[in-house]
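Visitor: I'd like to learn how to read a protein model. Could you walk me through one?

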Amino acid sequence: MKAWGAGIIAALGLLATAAAAQDWTPLDADNTLILETTQGRVIIALSPQMAPQGVARIKDLTRHGFYNGLLFHRVIDHFVAQTGNPNNKDGGRSTLPDLPLEAVFRLSDSVPHTVVAQPDGATTGFIGAVPYVAMTDRHMSPASDGSRAVRAWGTHCRGVLGMGRGEATDSANSELYLMRDSVPRLDRDYTVVGRVVSGFEALAALKVGEPPAQPDAMLQVRLLADMPAAERPKLEIMNTTGAAFVALVKAKRAEKGADFSVCDITVPVRAVP
């Protein structure tokens with residue numbers, strides 16, 4: 001009996017370890033952007049589910065070294081940090097054609113996502129590390145793959161990465177902006193492509209100005225998948241479909257009460273050996 005009891009205890013321990021492991025996952029190497037800036041490293045999780053053309057464009061330009069050395073030419077406190085223009089000012093663009101607006105997308109029930117709140121007439125949550133707002137399930141309609149889907153959009157919480165554009169709606173090209181605060185009034189007007197998961201302090205430290213007197217720069221921009229193994233950041237991100245994330249949301253909701261919003265949550269990362 002003693003041996004059988006010890007075995008049960010050991011098995012329970014293994015199950016607990018497995019459950020804990022499921023709460024963390026490696027960064028998606030193909031969709032993780034690494035910005036080496038003059039204020040430090042910024043790591044961004046990209047979301048091709050939200051904006052497939054925008055993410056593909058950023059990855060293409062990154063792999064051609066387009067962003068290396070470009071300045072943060074417009075940095076406004078409690079708003080945005082803009083970069084990605086080859087002339088280092090508004091209006092610059094790559095030689096590639098402009099992209100259509102991808103501000104609103106169809107969120108299928110077949111796409112992994114986590115709901116964290118259900119304000120009247122809507123739901124809010126995460127696709128990976130990126131926050132979104134969607135219509136409620138009662139607005140679901142059939143999707144092309146046989147699943148059901150609702151209209152959804154990335155919401156502009158602090159750390160969100162989007163694609164800048166001109167006056168024309170379908171004029172996104174190469175410009176990027178990073179949110180230095182939560183500004184949901186931008187929702188559905190711009191294409192959200194990802195969110196910072198590490199390096200918020202570097203984003204906050206960027207020199208302010210339009211343009212800054214001594215602007216900071218993106219010294220080098222790479223995709224995690226393209227980095228030599230020895231140079232890759234050794235990080236895991238919390239799985240937003242796991243029990244630990246559910247507990248995190250529950251604690252934040254209790255702390256904030258009626259003021260809780262999806263922007264109160266940033267998906268944690270942790271260092272691994």
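Guide: Let's begin with two neighbouring strands. Strand β16 (residues 235-238) and β17 run antiparallel and are joined by three bridges. Two strands pair if DSSP finds at least two bridges between them. Strands here are DSSP E runs of at least two residues, helices are H or I runs of at least four, and both are numbered from the N terminus.

Visitor: Before we go on, what kind of model is this, and how are residues numbered?

Guide: This is a predicted model, in which local features need pLDDT of at least 70 and side-chain atom pairs count only at pLDDT 80 or more, while totals for chains, interfaces and linings use all residues. Residues are numbered from 1 along each chain as its sequence is written, and side-chain values use heavy atoms, with hydrogens and water left out.

Visitor: Back to the strands, then. Which residue in β17 does glutamate 236 stand opposite?

Guide: Glutamate 236 faces arginine 270 there. The sheet itself is open, with three antiparallel strands in the order β1-β16-β17. From one strand to the next, the twist averages 40°. Axes are lines fitted to C-alpha atoms (for helices, over the stretch in contact), and angles run from 0 to 180 degrees between N-to-C directions.

Visitor: What is the strand order in the open sheet of eight strands?

Guide: Read across, the order is β4-β5-β13-β12-β14-β3-β2-β15, paired antiparallel. Here β4 (74-75) and β15 are at the edges, and each has a single partner strand, so one side of each lacks a neighbour in the sheet. Inside the sheet, β12 and β13 run antiparallel and share three bridges. One example is methionine 163, whose bridge partner in β13 is leucine 176.

Visitor: How do I check a helix?

Guide: Compare its span with the expected one, which is 1.5 Å times one less than its number of residues. Helix α2 (residues 52-63) has 12 residues and should span 16 Å; its end C-alpha atoms are 16 Å apart, so the two agree. For α4, the 14 residues reach 20 Å from first C-alpha to last, close to the 20 Å expected. Just after α4 comes glycine 257, with a positive phi of about 65°.

Visitor: Where does α2 lie, and at about what angle does it run to β15?

Guide: α2 lies across β2, β3, β12, β13, β14 and β15, and runs at about 115° to β15. Its buried residues include Val55, Ile58 and Leu61. Buried means under 20% relative accessible area, exposed means over 50%, and partly exposed is in between, using a 1.4 Å probe and protein chains only.

Visitor: And what about the inside of the protein?

Guide: In soluble globular proteins, nonpolar side chains tend to be buried together. A nonpolar core is a set of buried Ala, Val, Leu, Ile, Met, Phe, Trp, Tyr and Cys residues joined through side-chain atoms within 4.5 Å. The largest one has 40 residues, and Leu107, Val116, Met179 and Phe245 touch the most other members. A second, separate core has 29 residues, among them Leu33, Ala51, Tyr67 and Ala202. Across the protein chain, 46% of the 273 residues count as buried.

Visitor: How many disulfides does a search of the whole structure find?

Guide: It finds one, where a disulfide is a pair of cysteine sulfur atoms within 2.5 Å. The sulfur atoms of cysteine 157 and cysteine 263 are 2.0 Å apart. The torsion about their S-S bond is about -80°, so the disulfide is left-handed. This pair links distant parts of the chain, 106 residues apart: cysteine 157 is in the loop between β11 and β12, cysteine 263 in the loop between α4 (243-256) and β17 (269-271).

Visitor: Is threonine 155 buried or exposed?

Guide: Threonine 155 counts as buried, because its relative accessibility is 4%. You'll find threonine 155 in the loop between β11 (148-154) and β12 (160-163). Leaving aside neighbours within four places in sequence, its contacts (heavy atoms within 4.5 Å) include Pro131, Tyr132 and Val262.

Visitor: How far apart are glycine 84 and serine 174 in sequence and in space?

Guide: They are 90 residues apart in sequence and 5.7 Å apart in space, C-alpha to C-alpha. Glycine 84 is buried, with a relative accessible area of 0%.
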